[in-house]
Amino acid sequence: MEQPQRLLLLLSLLSYSSVHAGALRSQIVGGHEAKPHSRPYMAALKVSGDFGCGGFLVAPDWVMTAAHCMGDITVILGAHNIHEPEESQQVLGVESYHMHPEYNNVLINNDILLLKLTARAKLNKYVQVIPLPKTSSDLPPDTRCSLAGWGLIDKERITNRLFETNVTIYSRRKCLNVYPHLTDGMICAGSFHQLKDSSQGDSGGPLVCNGVAQGVVSFGYSFPPAVYTRIANYLQWIRKVMG
């Protein structure tokens, strides 16, 4: 390999290390509080005792999240304020963890994890399943989507209540300028207009476009766009795992 190519590879790997450092950061910056229980598919994940990630209900006994959220997980469904014992909440354990077999925690490739719950969730107005894509086709650029999470809402403030924000899908070409290691299993989204809207929601939470979970919050810099696991790329694996 020639010297300039070696240098380029080294710089890109260093750049990925800094991306990885931001992968576990949870924040909806510049968003607003969601209407309570308006996103009944949302799951708050207690990872090793702390609320560290989000997730979403894809079947009564299955939750999807990011592989980098892996740990000893307890799932809370039907929550708005995660630090209050709301009557709407259902707390469930995880029977088995199904991480994508090709997950790479350095390059954050295949960042997807399925959780088989110890019991089926009781579906009601507070707890609902969200549909997944039906085909593996890419989302068109400029598609409007939304995020939600319980993480930081600015540099200093943590929220107990669910916050949400809107983002727009970036073209693959535009995203490759920021993330040269982008794969078919990734999709980019962010706000073109306001930097404050660009930060990602809780890691593992859903990128929702037209009522369908199209992405899993994965990683990003502190400026737009952020990268999401592209669920449409993993439909065959998801069907195999969930039977």
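Modeller: Before we start, a polar contact here is a pair of N or O atoms within 3.5 Å; within protein, one must be able to donate a hydrogen and the other to accept it, and residues adjacent in sequence count only if both atoms are side-chain atoms.

Colleague: Good. What lies 2.8 Å from a polar atom of the side chain of Q90?

Modeller: The backbone oxygen of K122. This is a predicted model, where local features need pLDDT of at least 70, side-chain atom pairs count only at pLDDT 80 or more, and totals for chains, interfaces and linings use all residues. Residues are numbered from 1 along each chain as its sequence is written, and side-chain values use heavy atoms, with hydrogens and water left out.

Colleague: Is Q90 buried or exposed?

Modeller: Buried, with a relative accessible area of 14%. Buried means under 20% relative accessible area, exposed over 50%, and partly exposed in between (1.4 Å probe, protein chains only).

Colleague: Which strand does Q90 lie in?

Modeller: Strand β6. Helices (H or I, at least four residues) and strands (E, at least two) are DSSP runs, numbered from the N terminus.

Colleague: New topic: how many residues has the largest nonpolar core?

Modeller: It has 47 residues, and F56, M64, V75 and I238 have the most contacts inside it. Such a core is a set of buried Ala, Val, Leu, Ile, Met, Phe, Trp, Tyr and Cys residues joined through side-chain atoms within 4.5 Å. Among the elements giving it two or more residues are β4 (62-65), β6 (90-99) and α3 (235-242). A second, separate core of 12 residues includes V167 and A189.

Colleague: Back to M64: why does M64 count as buried?

Modeller: Because its relative accessibility is 0%. M64 lies in strand β4. Leaving aside neighbours within four places in sequence, the residues in contact with M64 (heavy atoms within 4.5 Å) include F56, L132 and I238.

Colleague: And what is I238 in contact with, apart from neighbours within four places in sequence?

Modeller: M64, I112, L114, L132 and I231.

Colleague: Last one, strand β9: why is β9 largely enclosed by the rest of the structure?

Modeller: Because six of the seven residues of β9 (residues 163-169) are buried.

Colleague: Which strand do six bridges join to β9?

Modeller: Strand β8 (residues 144-149), running antiparallel to β9; two strands pair if DSSP finds at least two bridges between them. The bridge partner of R144 in β9 is T168, and T168 also stands opposite G190 in β10. Strand β1 (residues 32-33) pairs with β9 in the antiparallel sense over two bridges, with H32 opposite E164.
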